[in-house]
Amino acid sequence: MENSKQSPHSIPFYRDERIINIFTQVVSSLLVIGLVIWLAINFKEAADARGLALSYDFLSNPAGFPISDPAIEYSPDMSFTRAFTVGLLNTLRVAGIGIVTATILGTLVALARLSSNWLLSRLALVYIEFHRNIPLLVLLFLWYFAIFQKLPVVGEAIRLPGPVFLTRRGIYMAWPRLTESGGIFRILFLVGLVLAVFAFYFLRRRRELTGKSTYYFLVSILVFVAFTAAGWFLSGGRPFVLDVPELSGFNFQGGKRLTPEFAGLFIGLSMYTAGFIAEVVRAGIQAVDRGQIEAARAVGLSQFQVLTLVVMPQALRIIVPPMISQYLNLTKNSSLALAIGYQDLFSVGKIAINQAGRAVPVFFLVMVVYLTLSLLTSFILNFYNNRIQFKAR
Amino acid sequence: METKLDSQSTVLLPPDPPGPMKWIRDNLFGSVSNTILTIISLTLFYFMITSAASWVLFSADWRPVTESPLLYAIGQYPRDQMWRVGLALSLAVLMFGVSWGKWNGMLRSISIGLMVVFGAAALLPVSHPQFDLSMRLYLGGNVLIVFAGFFIGRIKGLKTLVITMAWLMVPILAVILFSGFEGLDWLERVATTSWGGLMVTFLLAVGGILLSFPLGVLLALGRRSKLPVVKGFSVIWIETIRGVPLITILFMFSIILALFLPQESRLDRLLRALMAVVVFSSAYTAENVRGGLQSVPEGQIEAAKALGMNSFRTMGLIVLPQAIRAVIPAIVGQFISLFKDTTLVVIIGINDFLGIGKSIINSQPAFVQLQTEVYIFIAAVYWIFSYLMSIASRRVEETLGVGDR
């Protein structure tokens, strides 16, 4: 690869690496550009013959198709832009909740796998091996067609504590709903949360810098509790009511409804990814040197402190990079929504392709959104990853 | 399992005599919390196993699975042309036998496993119209084919290169056998629309990994290249494909591609799906191979230069052979996930193994109620294949000793 520096005039030009390099670049550029031009010419012909367009003017036209379970308000007479936004938000919704659930579930399974209890460890192994070795699409079909579609009709709903009602129409569950005076509670709750996080990091940093006790954990909890309590009293002690679904006529009223499509996709996706995350977490924890744990115990740290101060910080460095790719996988895999009828970005795009007949611009848009999503996620998480890695090597 | 976080007793006592009771005490009832966990796990296991067993044996109705096993295997492939699929399968079986004779090791377990499976299938004590005498003879014959392969493999002087080439010929021959030729009487053309089942699943996965390999190696070399244009194209290709879901690539090839090709050209539907799988897989192969290239020590390249080798020879004779050897386990892993990912072709309407299941469900109104059985069967088959393959890949990793580096 490196240019040879000796005897510049004795080698013929076809063996001079500088010339070969330039030649390779020119040829490969010509090949790629030629291919692109060839495709473009073909497209031009097809477009002229079938009356296709490459413009994005249609985005402001009414979409004309319904979207079930939209994340924000939507009706068919709204624009294509709105329809794509709804699709994107539906993707983000299932991916976001899925990532949180998969991380928690995966970590629990990993801890169970590492447990010294043989039976629990086997149980976790069964979970992991089951989910890692079947295709996600088959798992989604199992959840959606074999479980959620087999639930009883609304009249004979399965009642779980909560109350949560499982029916073929979806999952209905009790959900807190803000009362009229609840606005102030919500604001103070959020402010308290932000301040608590801020106080936690600020005071911990001061402790690290000065060595004085700042009681960062206690203070941040107190800040949060104080603000929440203030909000509670300011809203007259009734900031929200629990909205319990009730059967009226042929359907449930009130509460929160998860459509079977969303529930199937969300549960299938989270459980599938949790199987992979469990292996990532297990590998990370096992990679921490046993001597570290023994040393931590020798200096008198408690079991909990060993885990949080010694094992986890070191394991995280190993866990984060593969975890990032699992999160990206989950986000990309959420496009399988199409197969079970949840309307995410990709299925909205697919309807738009058929409806508007503008296959290429719509398709390009969908690809670009997914690509942006992937690059953005990996950028943010890589930034975090760089922060927690060992410094000054 | 080495690292366990809970504390062990530090009191120095003579160790208990080993035995099952000690094992149970240590691993299940070591402490109060341990005992509670054991009881919870036991109940969970008990409910899982009893409910699964009673469902599988008593309440499940396996008609949609047992009615036509051949559909799951080969789809709508003409039944009078079945010998072609059988021949292709037997060729692969023969090659496993040959490799067993040549290399032993893990291939011995695979071959013996194949013999057991074929033998058991031939003697399966059921009466089924699709399980007639000729089918049983064929299945039993495969046991003998493994043996025949074994003795061929034992021939002295049989080169590794010959066996590798023969292996590569198997998928090519299989495709030729499956599709046949226009106007050839004894090997008439069979349209890909009637291909289906496991045959298509394996075709897509094997074809995808094999065809994506050269492309992936080129892309990996391009990404490591110092030439900005070559590097730029490779990076854009790899990152774009890794950044979008497989399903978008499948749609691109099944719907969008036609608009960018000359109007008169019509690519076969299955071929377009295969192209999508290859393109998708190439980006991941490239990243795996790049990892392998990075694992080759710089000194190797310097030594090759010192011997007067040019860039091409250094790459082809020194770097790539070591890099590819290092990435074999990763490629096997990629094959397993590709094998599972090929299920997505269902969404563009190709009857792979999962697609056949779906069409069987929709073929009879009575079967719509039996979806659970079909999907459980399909999940079980995928599970068995990928679980066995993942065990094999772990063995490959051990044999190649990549883990110890």
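User: Leaving aside its neighbours within four places in sequence, with which residues is Gly275(A) in contact?

Analyst: The model is a predicted one. Gly275(A) is found in helix α7 of chain A. Once the neighbours within four places in sequence are set aside, the contacts of Gly275(A) are Tyr127(A), Ile128(A), His131(A) and Arg132(A).

User: Does Gly275(A) count as buried or exposed?

Analyst: A residue is buried when 20 or more other C-beta atoms lie within 10 Å of its own. Gly275(A) has 22 C-beta neighbours inside 10 Å, and therefore it counts as buried.

User: How far apart in space are Gly275(A) and Glu261(A)?

Analyst: In sequence, 14 residues separate Gly275(A) and Glu261(A). From C-alpha to C-alpha, the separation of Gly275(A) and Glu261(A) in space is 21 Å.

User: Which helix supplies the largest share of the side of chain A that touches chain B?

Analyst: The contact between the chains involves 54 residues of chain A and 51 residues of chain B. Several helices of chain A each supply at least two residues of the side that touches chain B, among them α1 (17-50), α7 (260-287), α9 (303-333) and α12 (359-388). The largest share, 13 residues, comes from α1(A).

User: How many residues on the side of chain A that touches chain B are nonpolar?

Analyst: That side of chain A includes 15 polar and 6 charged residues. The nonpolar residues there number 33.

User: Which element gives the largest share of the largest nonpolar core?

Analyst: The largest nonpolar core has 161 residues. Residues with the most contacts inside it include Leu137(A) and Leu140(A) from chain A, and Ile249(B) and Leu250(B) from chain B. The largest share of this core amounts to 15 residues and comes from α7(A).

User: How many Å separate the centres of domain 1 and domain 2 of chain A?

Analyst: The domain assignment of chain A gives domain 1 (13-45) and domain 2 (80-135 + 262-388). Taken over C-alpha atoms, the separation of the centres of these domains is 40 Å.

User: How many helices and strands does chain B have?

Analyst: Chain A has 12 helices and 8 strands. For chain B, the counts are 17 helices and 0 strands.

User: Which helices of chain B each supply at least two residues of the side of domain 1 that touches domain 2?

Analyst: In chain B, the domain assignment gives domain 1 (77-190) and domain 2 (195-405), with centres separated by 24 Å. Contact between them joins 7 residues of domain 1 to 10 residues of domain 2. The helices that each supply at least two residues of the side of domain 1 are α6 (106-122) and α8 (160-179).

Definitions and conventions. Residues numbered from 1 in each chain as written. Chains lettered and ligands numbered in written order. Predicted model: local features only at pLDDT ≥ 70, side-chain atom pairs only at ≥ 80, totals over all residues. Contact = placed C-beta atoms within 7 Å. Helix = DSSP H or I, 4+ residues; strand = E, 2+ residues; numbered from the N terminus. Nonpolar A, V, L, I, M, F, W, Y, C, P; charged D, E, K, R; others polar. Domains from an automatic or database assignment. Core = buried A, V, L, I, M, F, W, Y, C linked by C-beta atoms within 7 Å. Buried ≥ 20, exposed ≤ 12 C-beta atoms within 10 Å, placed from the backbone.
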